[in-house]
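Have a look at the sequence and the structure, then read on.

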Amino acid sequence: MKEFSTIKLEVKEHIAVVTLNDPPMNLLSGPMLRDLRDMMGELEKEEDLRCIIITGEGPKAFCAGANVDEYTDPTIDQLDETDVWARNILTRLSNFPCPIIAAINGYALGGGMELALACDIRIAAESAKMGLVETKIGMIAGWGGSQRLPRIVGVGNAKYMMFTSDKITADKALSIGLVQEVVPAEELMNKAMEIAERIAYNSPIAVRLEKEAVNFYMNMNIMEGLELERRCDRLTYLSEDSKEGMAAFEERRTPNYKNR
């Protein structure tokens with residue numbers, strides 16, 4: 001099995017465990033996105049893979065978002081290329097043939113939350129915090145989050161989360177259907193493996209076709225939605241507010257938005 005620089009991959013008895021391995025925040029950097037893409041290529045070669053678990057290394061974060069340092073004043077064409085590439089990787093993940101469980105062990109924010117949304121099942125440690133926080137820095141959830149979140153938690157809950165940029169607790173996430181289980185942190189991987197083993201026990205053909213059928217419903221018109229998301233993402237990036245938001249984030253100060 002190929003080794004990766006930013007993730008750990010282990011396959012045992014029909015189940016793959018993928019660990020985002022860039023602690024403490026496990027940021028979804030360019031190298032990590034490439035590793036996730038290549039990891040999917042490796043797992044597609046597995047003849048009898050039945051479930052994947054994705055988690056983060058260390059207690060602090062599942063994935064705390066994109067690496068903002070990589071977005072220091074890129075051109076609009078460079079940003080568009082990066083975002084389309086990242087969005088396509090998460091879309092490929094969401095349509096991966098076998099089920100994927102996100103074991104959310106800490107912060108799942110921004111792009112990290114979008115990664116979790118691309119998974120089929122989400123379970124969380126009691127200490128986890130989740131959110132699409134992009135509006136706080138003058139951006140939008142541009143890697144599929146604006147399309148997947150309302151499909152999972154409903155339009156009202158999704159708008160509330162995205163408009164406020166609030167980080168919600170695991171218990172709140174459970175109450176709105178964002179996650180399916182909440183467990184103590186020390187039990188998270190055992191619970192994820194228990195669910196994976198229950199999935200692996202069932203007919204892999206039936207499970208894969210079940211996922212394909214559900215995804216067909218979930219993905220109706222999503223490509224049009226993702227294209228609109230891309231255009232809106234570009235407009236936010238071109239705004240003065242976006243430049244101010246990212247500068248304030250890097251300088252650890254309160255942004256002064258001027259609605260321009």
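Let's start with N105, which sits in the loop between β5 (100–104) and β6 (107–109); helices (H or I, at least four residues) and strands (E, at least two) are DSSP runs, numbered from the N terminus. This is a predicted model, where local features need pLDDT of at least 70, side-chain atom pairs count only at pLDDT 80 or more, and totals for chains, interfaces and linings use all residues. Residues are numbered from 1 along each chain as its sequence is written, and side-chain values use heavy atoms, with hydrogens and water left out.

**Around N105**
- N105 is buried, with a relative accessible area of 9% (buried means under 20%, exposed over 50%, partly exposed in between; 1.4 Å probe, protein chains only).
- A polar atom of the N105 side chain lies 3.0 Å from the backbone oxygen of G56.
- For the backbone oxygen of G58, the distance to a polar atom of the N105 side chain is 2.7 Å.

- Most residues other than glycine have a negative phi, and most peptide bonds are trans.
- P23 and P24 are joined by a cis peptide bond, with omega about 10 degrees.
- P24 lies in the loop between β2 (15–20) and α1 (30–43), and N26 is in the loop between β2 and α1 too.
- N26 isn't a glycine, yet has a positive phi of about 50 degrees; N26 is buried, at 0% relative accessible area.
- S165 has a positive phi near 60 degrees and sits in the loop between α5 (155–164) and β9 (168–169).

**Out on helix α8**
- F216 belongs to helix α8 (residues 204–218) and counts as exposed, at 61% relative accessibility.

Notes. Polar contact = N/O pair within 3.5 Å; in protein donor to acceptor, adjacent residues only side chain to side chain.
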